[in-house]
Amino acid sequence: VEALNRRAYTTLADLHDDTQLPKSTLVRLLDTLISAGYARRISRSAGYCLTDRVTLLSAGFQSVDRIVEASRPHLRAVTADHKWPLAIATLDTDAMLARYSTLSHSPFALDKIYIGRRIPLLVSAMGRAYFAFASDETRALLLATLQGSGREADRPALDETYIARLVETVRKDGYAVSGPVLDDRAFGIAVPVLKDGEAHAAITMRFIRSAMTPAD
């Protein structure tokens, strides 16, 4: 969207030069943007342009910031009562960005650095919670981006059956648990922060695998 916004009309070649993404990935992303109403194909020579619908994307920015700010006293209160560290994250393009945590208030914190950390969508509990409860349009855009990223953590995006089962399970349960990560002593469980039924953030609790099970 940022690359499309740099010009009135943008060709596929321009997008490839700007983003370094494969043209097949760009075509898939453009088709998704067009189907969601955010972009329009002008012609073969002129390329593509954004539509007025993209202005709706800015409406949620301040709302997300307010969610993060409003969460602080509640997260601190839970950590004070139960000792376990909590964190809240919002979407950052194709990953979750940790915005606030109570790590410094918990004796059980294993992660020394968390604020500002980008966390994979399909492996982490908070990413899974957000992804499953995102709108259909947002989830389609995210999936197309992840499928073309080439990152190991995003490889599950290529398995449509796995993705469908993941979304169904998380939406049914109302929460998500983290996937297996090599040499990670902690486990995550997360819930989405919803507004009008759509995820705007996710809150996670990380706990030591040897101390407690996900069921507990």
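In what order do the strands of the open sheet sit? The order is S5-S4-S3-S8-S7-S6, 6 strands with antiparallel pairing; strands are DSSP E runs of at least two residues, helices H or I runs of at least four, both numbered from the N terminus, and two strands pair if DSSP finds at least two bridges between them. At the edges you'll find S5 (118-120) and S6 (176-177), each pairing on one side only. Keep in mind that this is a predicted model, where local features need pLDDT of at least 70, side-chain atom pairs count only at pLDDT 80 or more, and totals for chains, interfaces and linings use all residues. Residues are numbered from 1 along each chain as its sequence is written, and side-chain values use heavy atoms, leaving out hydrogens and water.

Zoom in on S3 (residues 86-92) and S4 (residues 95-101): 6 bridges join this antiparallel pair. One of the residues to look at is Ile88, whose bridge partner in S4 is Tyr100.

Now for the core, meaning buried (under 20% relative accessible area, 1.4 Å probe, protein chains only) Ala, Val, Leu, Ile, Met, Phe, Trp, Tyr and Cys residues joined through side-chain atoms within 4.5 Å. The largest one has 27 residues, and Met96, Leu122, Met126 and Phe131 have the most contacts inside it. H4 gives the most to this core, with 7 residues. Phe131 touches several residues beyond four places away in sequence, including Leu122, Leu142, Ile163 and Val167 (contact is heavy atoms within 4.5 Å). Apart from this core lies another, of 12 residues, among them Leu4, Leu26, Leu33 and Ala36.

Key:
Buried means under 20% relative accessible area, exposed over 50%, partly exposed in between (1.4 Å probe, protein chains only).
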